[in-house]
Amino acid sequence: DAGRMNRVPHHVHQPLHATTMYSPEFPHGDRGGNSFKLEKHGEIDELHALWDSVVEAYAGDWKQPLNEADLTAVETASKDIRTTFPRGRLFLTSQDPHQWAKESHEASAEFVYKNIQEGAWPAPQYIKIGQMLAKERLAYGGYRLADTLMDLWGKDAEAEEVAKFLW
């Protein structure tokens, strides 16, 4: 259904939505970073929340319905991501959500859990690289969501206009 289609491309691209870390400290897993505590920084006190915040790339947490200021902030963030990661620069050939989850899992294994210590705030270099990775994952999710909606709605002028707004 459309509700499920909206959530799958968006959620599976956040690396911690596709993995959990097992270790002696987390023998049952860290629940996708939710149990991996960080030094509190604003509202963020665990790894999952850090990545949900696009590694602090954008100020604030946008609540729905969006007010005018939040809508402007979302539009600015979308433009920033699309400019930094234009469609033609990404490998968007896979239409398989399992492959998308695998990509996110690999991002977690290769970066998210590297050079970070539980109980501490990540170093500035981790934040900078993490923001770029999070934005790239959002770009993949946004383009794939737009493609999925175009497939569902067809490629008429109205659907293309909506897709432009999305990505």
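In helix 4 of this predicted model, W100, E103, S104, A107, S108, F111 and V112 are buried, where buried means under 20% relative accessible area, exposed over 50% and partly exposed in between (1.4 Å probe, protein chains only). Because these residues cover an arc of only 140° around the axis, they lie on the same side of helix 4; the arc is that of the directions from the helix axis to the C-beta atoms. On the other side of helix 4, H98 and E110 are exposed. An α-helix has 3.6 residues a turn, so residues three or four places apart point the same way.

**Basis of the model**

- Residues are numbered from 1 along each chain as its sequence is written, and side-chain values use heavy atoms, with hydrogens and water left out.
- In this predicted model, local features need pLDDT of at least 70 and side-chain atom pairs count only at pLDDT 80 or more, while totals for chains, interfaces and linings use all residues.
- Helices (H or I, at least four residues) and strands (E, at least two) are DSSP runs, numbered from the N terminus.

**Helix 4 with helix 5**

- Helix 4 (residues 97-112) packs with helix 5 (residues 124-153) at an angle of about 180°, and their axes are 12 Å apart.
- Helix 4 is therefore roughly antiparallel to helix 5. Angles under 35 degrees count as roughly parallel, over 145 as roughly antiparallel, 65 to 115 as roughly perpendicular and the rest as oblique.
- Axes are lines fitted to C-alpha atoms, for helices over the stretch in contact, and angles run from 0 to 180 degrees between N-to-C directions.
- From helix 4, the contact (heavy atoms within 4.5 Å) uses W100, E103, S104, A107, F111 and V112. From helix 5, it uses Y126, I129, G130, L133, R137, Y140, R144 and T148.
- Eight residues of this contact of helix 4 with helix 5 are nonpolar, three are polar and three are charged. Ala, Val, Leu, Ile, Met, Phe, Trp, Tyr, Cys and Pro count as nonpolar, Asp, Glu, Lys and Arg as charged, and the others, Gly among them, as polar.

**Helix 3 with helix 5**

- Helix 3 (residues 68-84) packs with helix 5 at about 95°, with the axes 9 Å apart.
- The two helices are therefore roughly perpendicular to each other.
- D80, I81, R82 and T84 of helix 3 meet M132, K135, L138, A139 and Y143 of helix 5. The contact of helix 3 with helix 5 has five nonpolar, one polar and three charged residues.

**The hairpin**

- Strand 1 (residues 37-41) pairs with strand 2 (residues 44-46) in the antiparallel sense, over two bridges. Two strands pair if DSSP finds at least two bridges between them.
- H41 stands opposite I44 of strand 2.
- Two residues lie between the strands of this hairpin, and G42 takes a positive phi near 65°.

- Most residues other than glycine have a negative phi.
- R31 has a positive phi near 55° and sits in the loop between helix 1 (2-12) and strand 1. R31 counts as exposed because its relative accessibility is 55%.
- V54 has a positive phi of about 60° and is found in the loop between helix 2 (47-52) and helix 3. With a relative accessible area of 11%, V54 is buried.

**L50**

- L50 belongs to helix 2 and is buried, with a relative accessible area of 0%.
- Not counting residues up to four places away in sequence, L50 touches L38, I44, V55, E56, W121, P122, Y126 and I127.
- L50 and G33 are 17 residues apart along the chain, and their C-alpha atoms are separated by 9.2 Å.
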